[in-house]
Amino acid sequence: MAQHHTPHPQKTHYQAIAMGVSFGGLHSLQTILPKLPATFPVPIMAVQHHDPNGDDFLARHLNSLCAVRVKVAEEKETATAGTVYLAPANYHLLVEDDHTLSLSSDEKVNFSRPSIDVLFESCADVYGESLIGVILTGANSDGSKGMQMIKEVGGLSVVQDPQTAEAATMPESAIAATEIDHILPLTEIAAFLLTIVNPAAKNTSKTNTSCDTL
Amino acid sequence: MDVPVTKRCAVTSRRETEKIEIQLLLEAIFLRYGYDFRQYSKAHIRRRIRRHLELSNMENISAMQHRLLTDYDFFQMLLYDLSINITEMFRNPSFYLVIRKHVVPVLATHPFIKIWHAGCATGEELYSMAILLKEEGLFSRLQFYGTDFNDLVLQKAKEGIIPAKAIQEYTRNYQQSGGTHSFSDYYTARYERALLAAELKKKMLFANHNLVVDQVFGEMQMIVCRNVLIYFGKELQDRVIRLFYDSLCRGGILCLGSRESLRFSSLHDSFKQLVETEQIYQKKY
Ligand SMILES: C[S@@+](CC[C@H](N)C(=O)[O-])C[C@H]1O[C@@H](n2cnc3c(N)ncnc32)[C@H](O)[C@@H]1O
């Protein structure tokens, strides 16, 4: 591992963050997102399980607290830096190869629509090793399979420390399912993401060696 | 903690192979059966094909391709999996509330009202609309056309049978949608199933119609196409919106799913949005 430890300070290795959160999610998102600057260099796609009849309240509420833009994902819009896209109630959120967003009303996965696994799987396909997967608080195990796929394609896995989560099941299940690169207390997640996606910061967490350089 | 570099490269090439296999599979379906999925959302198609592969016990997508070229039943099953047939009665009650309040007055100006439900799946949407318009006193003037490109769901739509376990939810939806009667007036429960009122069916015709290749089939006062366009790529969406535009009378109504819009369509300016909160548009005069 040591021989790969050449940091590439010029370019940020990461292109996107996929985030999954369920029970207790409002508090977690309120803790993380307001700490990110408007210039946050990558888009965040997020699934928050919520009431199927819920409106766009959550997005509006978070948007009012944050410097980054928070909105409900619209189909065919392009995922852009500095923006958090929340999956709409009752639709799965997916990403296309050209980074536009797609919605689907396919059957529920893990009793959930939107499902974190569906989002993570499609993000893993598109972004590969340039993806960061983040699992936060939740009372079910949605997202574990998706996190496994993110690891399979060489992405980075981050999980909220179950001890700091309102509901520990979801982070615990992700930890059991695959190797997790970083298990962090809730209050440290924003700072960590900032460091890791910031082009100027040293990329300490993983190597940048790609197929081409071999 | 890193995935070893060589493993990562194997993963990359596996995904490249999968992409090629999917493209070839779609080409094979088109050449053999005329169903064209080549302009659907790639992420969606990839997910469905993976799922189908998992359930089918086949080795890989190329094996699926070979099988479907020679086995029509196998193709039918894949088609079923590629077309998401999920639907419900009075899905999104707020949509139907707006229809009652803002669209019924527009429809009432026509002596004869033709309504096309494109991508109707098992037909719950038509039955819902029929109930609503009956309560609003327009029933005698109605003719519904339900189309889908999947014959299996059209057969079910004709039967008008819903699972009894869905009734509680549908009743709630019906009430929230501004229903003025009792939902139980419209079905007869038989064990696990409920049969929707035969009277409603009299106003409905069901036919196979593929939005990708088929043409206009008449002038409509309203077109309802919900949760179908989300599965299409941009160009295909545009083609279908044009088809709808050409099929509508002046002042005709176009209803899309709650997360669909005309935002990216080149015909955006040829419609006006009737109500801000729902994706209900009127073709300009
Ligand atoms: C998710 S269902 C929507 C059902 C209903 N409109 C609703 O919103 O509840 C999508 C339907 O579109 C149909 N469909 C997909 N592609 C089509 C095409 N090219 N032409 C006609 N129907 C199509 C599928 O077979 C499926 O029944």
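A nitrogen atom of the ligand is 3.0 Å from a polar backbone atom of Arg226(B). The protein covers 98% of the 610 Å² of accessible area that the ligand has on its own. This is a predicted model. The ligand lies between chains A and B, and it sits in the largest cavity.

**Where the ligand sits**
- Chains A and B have the ligand between them.
- The largest cavity is the one that holds the ligand.
- Of the ligand's own accessible area, 610 Å², the protein covers 98%.

**Residues around the ligand**

- The side chain of Asn85(B) places an N or O atom 2.9 Å from an oxygen atom of the ligand.
- Gly119(B) uses its backbone: an N or O atom there lies 3.1 Å from a nitrogen atom of the ligand.
- Arg226(B) also takes part through a polar backbone atom, 3.0 Å from a ligand nitrogen.

**Domains of chain B**
- The contact between them takes ten residues from domain 1 of chain B and 14 residues from domain 2 of chain B.

Terms used. Residues are numbered from 1 along each chain as its sequence is written. Chains are lettered from A and ligands numbered from 1 in the order in which they are written. This is a predicted model: local features need pLDDT of at least 70, side-chain atom pairs count only at pLDDT 80 or more; totals for chains, interfaces and linings use all residues. Side-chain values use heavy atoms; hydrogens and water are left out. A residue is near a molecule or strand if one of its heavy atoms lies within 4 Å of it. A polar contact is a pair of N or O atoms within 3.5 Å; within protein, one must be able to donate a hydrogen and the other to accept it, and residues adjacent in sequence count only if both atoms are side-chain atoms. Accessible areas come from the Shrake-Rupley method with a 1.4 Å probe; for residues, only the protein chains shown count as cover. On a 1 Å grid over the protein atoms alone, a cavity is a set of points where a 1.4 Å probe fits but cannot get out, and a pocket is an open set with protein on both sides within 12 Å along at least five of seven lines; lining residues have an atom within 4 Å of a point. A molecule sits in a cavity or pocket if more than half of its atoms lie within 2 Å of its grid points. Contact means heavy atoms within 4.5 Å.
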